[in-house]
Amino acid sequence: MTDFDPATFANVGPKEFAQLVKSTPDDKIAQVMSGDLRGKVLGEVFGRMPSLFRADRAGSTNAVIHWIITGRPDGGSDTYEVVIADGTCVVNETPQHDPKLSLTMGPVEFLKIVSGGANPVMMFMTGKLKAKGDLGLAANIANLFDIPKA
């Protein structure tokens, strides 16, 4: 499985997905994420977040996080809302609350972060990831999820 194909991607586990992202050139990921399959890929990734959430690490964390992924074919961006409250994680495709933290990044950066193939702090420092709001939460967000390593 070396081709970044969302149809295949929907049927693989988190570790295989991480390997798929790692082995696919950035330009190929960008191509897929600027086409018709973008919504399917984002839907799959965000659909898995609740099952990868680590309530044992979240403690008393209560937060609304907006993930803003730029680079939509129409020039816009997609915003998904992740609500962490009382040891649970819920994802909304349409934001319903004011965020404690907003993370803005391109689609390639997003897939690298959620597949464990990039360092979010380094991306923030180099301007590839923009964070607005609770930066302490931003620095800790990776610890709240069981992110597979390729």
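Mentor: The radius of gyration is taken over C-alpha atoms, and the globule rule is 2.2 Å times the number of residues to the power 0.38. Please bear in mind that this is a predicted model.

Trainee: What radius of gyration does the protein have, beside that of a compact globule with 150 residues?

Mentor: For 150 residues, the rule puts a compact globule near 15 Å. The C-alpha atoms fill a box of roughly 40 × 30 × 30 Å along the principal axes. The radius of gyration of the protein agrees with the rule, because its value is 15 Å.

Trainee: How many helices and strands make up the secondary structure?

Mentor: From the N terminus, the elements run α-α-α-α-α-β-β-β-β-α-α-β-α. The secondary structure therefore comes, by DSSP runs, to eight helices and five strands.

Trainee: Which share of the contacts with a separation of 6 or more joins residues 24 or more positions apart?

Mentor: Contact here means heavy atoms within 4.5 Å. Among contacts with a separation of 6 or more, the share from residues 24 or more positions apart is 67%.

Trainee: Is T24 buried or exposed?

Mentor: T24 is placed in the loop between α2 (14-23) and α3 (26-33). Buried means under 20% relative accessible area. T24 has 5% relative accessibility, so T24 counts as buried.

Trainee: Which residue has its backbone oxygen 2.6 Å from a polar atom of the T24 side chain?

Mentor: A polar contact requires a pair of N or O atoms within 3.5 Å. At 2.6 Å from a polar atom of the T24 side chain lies the backbone oxygen of L20.

Notes:
Residues are numbered from 1 along each chain as its sequence is written. This is a predicted model: local features need pLDDT of at least 70, side-chain atom pairs count only at pLDDT 80 or more; totals for chains, interfaces and linings use all residues. Side-chain values use heavy atoms; hydrogens and water are left out. Helices (H or I, at least four residues) and strands (E, at least two) are DSSP runs, numbered from the N terminus. Buried means under 20% relative accessible area, exposed over 50%, partly exposed in between (1.4 Å probe, protein chains only). A polar contact is a pair of N or O atoms within 3.5 Å; within protein, one must be able to donate a hydrogen and the other to accept it, and residues adjacent in sequence count only if both atoms are side-chain atoms.
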